[in-house]
Amino acid sequence: MLSGILIFNQKGENLIFRAFRSDCRPRLADIFRIQVISNPQVRSPILTLGSTTFSHVKHENIYLVAVTKSNANAALVFEFLYRLVVLGKSYFGKLDEEAVKNNFVLIYELLDEILDYGYPQNTETDTLKMYITTEGVKSAIANSATDSSRITMQATGALSWRRADVKYRKNEAFVDVIEDVNLLMSATGTVLRADVNGQIIMRAYLSGTPECKFGLNDRLLLDSGDSSTSSSTPGNRDGTMKATRAAAGSVTLEDCQFHQCVKLGRFDADRIISFVPPDGEFELMRYRATENVNLPFKVHPIVREVGTTKVEYSVAIKANYSSKLFATNVVIRIPTPLNTAKTTERTSQGRAKYEPEHNNIVWKIARFSGGSEFVLTAEATLTSMTHQKAWSRPPLSLSFSLLMFTSSGLLVRYLKVFEKSNYSSVKWVRYMTRAGSYEIRF
Amino acid sequence: MFLMTPPTVHYAHGSPFSRSKQGKVAELRQELNSGGKKDKNHSAKKIALKKIVANMTMSNNDMVALFPDVIGCMNLPSLEIKKMCFLFLVNYSRAKPETAMKALPILVDDMEDSNPLVRALALRTISYIHVREFVEATFQPVKRLMGDMDPYVRKTAAFCVAKLYEHDKKLVETSDLIDRLNNMLKDENPTVVSSVLASLVDIWGRSESISLSIDYTSASKLVSILPDCSEWGQSYILEAMMSYVPQDSAEALLLAERIAPRLSHSNSAVVLTSIRVILYLMNYIADERHVSSLAKKLSPPLVTLLSKPPEVQYLALRNAILILQKRPEVLRNDIRVFFCNYNDPIYVKVTKLELIFMLTTKENISVVLAELREYATEIDVHFVRKAVRAIGKLAIKIESAARQCIDTLLDLVNAKIPYIVQEATVVIRNIFRKYPNQYESIIGNVIQNIDELDEPEAKAAIIWIIGQYADRIENSDGLLQDYLATFHDETVEVQLALLTATVKFFIQRPTKGQQLVPQVLKWCTEETDDPDLRDRGYMYWRLLSTDPAAAKQVVMGQKPPISAESEKLDSRTLEELCLNVGTLATVYLKPVQQVFRSARTRRLQYSPALQRPKEEAVNAAWQFPDPASSPTAALNAGAFANNSAQSAQPADMNAAVSAADSYFNSVGTQQMAALDLGGREDDGGAGGGGALQTQYVVNQNQQLVYQPQLAGGAATGELLLL
């Protein structure tokens, strides 16, 4: 497993060096600096030199590096590095060079706790904050032995993500369904790829140890009556699903991944999402849908290169959702050739501006109500270049956010909370669709 | 020129760069010892220690001078101070073992503290210190703490055994620590159990003499505690499941189905390790229907990993390449998810491209070609080249689509971007080779761009085309002469191509060729230092002078067919890598020992339930570790199962297994001996340390001998050069 964790700034200064095994020598810091940070040729996040492997992720302005010495579980290494980022954010607000330099001691203390001999230990923020504290994060628990055993029980228990003594006057739970819709459309207007990456974020402010049950309009769940026989043989599953497609109002989830609090065995057996939530905000699940994706925007670009001196654009965009809804912060990025000298643009709504540093015309529409259609016409004048290279025509891209709409059609059907004390709780749900990678080639 | 500005970074607790070394050390020492009795909460000491910790990494080893002062603070009644002192101790004890000794009694004391956090902290700290006295002093306390009432302390003790094993193998092996560790598998706390397993697997990985085996009852129990473990604990348990060898098809199936729900976990380590275990168990499942139903469960989670950060995507993609070779039915309908996003990092794009190539079929070729064409207009040269090459390889892989691919290529060539033209030339050469007398009409289009070519590989390709079709290309003599004019400046690759092309030219157009050939043969035989070129030159020379008719048959004869399968791993490597899904070796797709020489290899273990692929039955190059050769502590995880009834039966089984093992072992050693023999020629001087390396290199040669027509393809993943 991990031999050491190193953190560098962009200049290559080694800020944190924590060895967990004696094979992690200090000179490895220099090797990483020379071979990765100051080597522009490096294009992979994993580099093996001799028997040493450096796996790194870049976050803000720092490099987080894991050193391993054998054929380590690479997935675990990267998951851990990303967890470190999450922990850093939760402790310091953000994890960057400044945060690291201001918190050397705490970071070393955390590393000592969450890794033992290079094996990741409990990395739950809530539990760690009970006994690893800073000025910002104060723990109510003193250093006495009885309190300590409460911490150790928490850190090694089956519900390591939740403290037992949580209390709220008002019990509430907020569910956010956030979908990133990905689109790749070819220049001829065919959809090459359209899918949805969804995540369900929950903020649970519930007392005690609540058991939650969560229901979606998931096709497999709704069909469970007639597919109980076929569900055990996924070979038949596709067939069954297509046959019952007519029963509208349900969604086929290609795949789901759950927070560790969810009882996976139950989901596998009868598609019931049941869990004891951590306190506060967490990502309950992620899912993927590829069938019947509703695309909120249709974009129709016409781009003409006039000789070698001019490019003419005409981009039409239409909102493909109910007129009761409206999208906000719609931004359309229209690529221009690298040798663009100046542009002129006209829009029927919103503002368009040329951003020479990104080679883009950026068209912003603050509020885009359903059913409406807007047009941009623009012209880019090019400087002549001695070496004429064909323009690579990167795709046009969109970003937006649209409330009360899910591209996949997913709906939350219920959220039930059961607790010993039988309190009543208020549940809220919110839907949002954003652009993931929404690209249109032209 | 690069101007350095003085560092302007502000530190919370003083700047480590501002003062001279001695000055800084002295100042910190003073600060550490200030405060005196007035400093009730030791806040001055805390601040001083924080500065020292901040300076540990940033200013090299200067802080070591403060070692005695820091030890002086170690006994203060504050956990915060203790932690900082311990960190300092771990960092510097190896540099100053004598000074560190003063801390030993404090640590030993703390291991008896009433606070479990302190006990665990002291145990964790003492076992990090690679100093003999510390290691010896850990043995007694760790035995006691393995039975501590607090699970947090017990799990720390479990890892401690692995740490001690790293410090001193012998001492641990002669003690009863490993047995005690085994007994801890009975612990009622899942976190402790998963820690014990992680520790055992770690020890297993470092020792040739210890074997790890888990029986069904234990395996089943381990799977049942999976839901109660943290995500990391689940990874450790799944990792350990690879040491369970199913004796029965039904057992394997049941476990695989119980592990399958883990595929929905949000932690990619849990997902990939589950895939590894399920793939492994599939080797022992007899019913093909169950196997394919399990295989179907693997692809959605793999695809879902593509919405994770790019590094994890990369891993998922590399493993997809691997799994696709083992189980082609996985991922079959998912080609579109591998289409590249414009902003994907290059390592993700290139791997996706490889998967797209593997998943392309007659049915989806049109979509794929449109997609690849799009890639060929991107900016990254490396990626564009790969895309162009992929189009050419598809022409070879899918015969019915060859025309379509060629049209796409010619279209791209028309843009006259030099690197696209070069890459296209190389693949078109290969298409000619694969489909003789079908697409030669496009020779004209290819020759048109001859002036764009400046890379050896592309030049060699065009020269091959000129030579092969010398009689169809009108001015072939002129083209050839243009290249021959600079013969001496070309790389060997181009020179070889020129030599062969000239000979072909002569055979097809003897009148025009007769001035050229003697000249080129002379250059190649008398004026070169390259042995390959000289040998080939002499060969042609003798061939032409002895029997021109035979020469024609040899030179213009039928060529062995080429195929376009990319990076096909040999079955042995494939088997090994499938047992290592999610690990670093799968990123490189190379045999584990080639990348990590000290790694212990994993092989499929024999059992009555093992389903053998047909081809392997023929060339059984199996190696099974001989249980008799592992004398010390066989870690029997089965210890915690009360299976006295079963113990008799496995005894017979064991006998049968060892008989089989010793048979296969002898097969193995013979082969090894044969390999070694070859190895010494190559690498005679290498000592014992290089043995593994040698073995691998020879292995490659061995392949060369048996499958000459595949050698180039297998090694480079590209098509054969002539």
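Of the 442 residues in chain A, 57% count as buried, where buried means under 20% relative accessible area, exposed means over 50% and partly exposed lies in between, with a 1.4 Å probe and protein chains only. This is a predicted model, in which local features need pLDDT of at least 70 and side-chain atom pairs count only at pLDDT 80 or more, while totals for chains, interfaces and linings use all residues. Residues are numbered from 1 along each chain as its sequence is written, chains are lettered from A and ligands numbered from 1 in the order in which they are written, and side-chain values use heavy atoms, with hydrogens and water left out.

**Chain A**

- Chain A has ten helices and 23 strands, helices being DSSP runs of H or I with at least four residues and strands runs of E with at least two, numbered from the N terminus.
- The C-alpha trace of chain A spans about 80 × 60 × 45 Å along its principal axes.
- Among the contacts in chain A with a separation of 6 or more, 69% join residues 24 or more positions apart, a contact meaning heavy atoms within 4.5 Å.

**Chain B**

- The secondary structure of chain B comes to 37 helices and two strands.
- Chain B has 722 residues, and buried residues make up 56% of them.
- Of the contacts in chain B with a separation of 6 or more, 69% are between residues 24 or more positions apart.
- Chain B exposes about 31000 Å², of which carbon and sulfur atoms supply 52%.

**Cavities**

- The structure holds nine cavities of 30 Å³ or more, a cavity being a set of points, on a 1 Å grid over the protein atoms alone, where a 1.4 Å probe fits but cannot get out, and lining residues having an atom within 4 Å of a point.
- The largest cavity holds about 160 Å³ of space, the volume being the space filled by probe spheres set on grid points that are joined across faces, edges and corners.
- The lining of the largest cavity has 16 residues, and A:Tyr108, A:Glu109, A:Asp112, B:Lys83 and B:Leu87 lie nearest its centre.
- Helix 4 of chain B gives the most to this lining, with six residues, while helix 4 (104-114) of chain A and helix 7 (116-126) of chain B each supply at least two.
- By class, the lining of the largest cavity has eight nonpolar, one polar and seven charged residues, where Ala, Val, Leu, Ile, Met, Phe, Trp, Tyr, Cys and Pro count as nonpolar, Asp, Glu, Lys and Arg as charged, and the others, Gly among them, as polar.
- In the second largest cavity there is about 120 Å³ of space, and of its 16 lining residues A:Pro120, A:Gln121, A:Asn122, B:Thr191 and B:Ser230 lie nearest the centre.
- The lining of the second largest cavity has five nonpolar, ten polar and one charged residues.

Methods. Accessible areas come from the Shrake-Rupley method with a 1.4 Å probe; for residues, only the protein chains shown count as cover. On a 1 Å grid over the protein atoms alone, a cavity is a set of points where a 1.4 Å probe fits but cannot get out, and a pocket is an open set with protein on both sides within 12 Å along at least five of seven lines; lining residues have an atom within 4 Å of a point.
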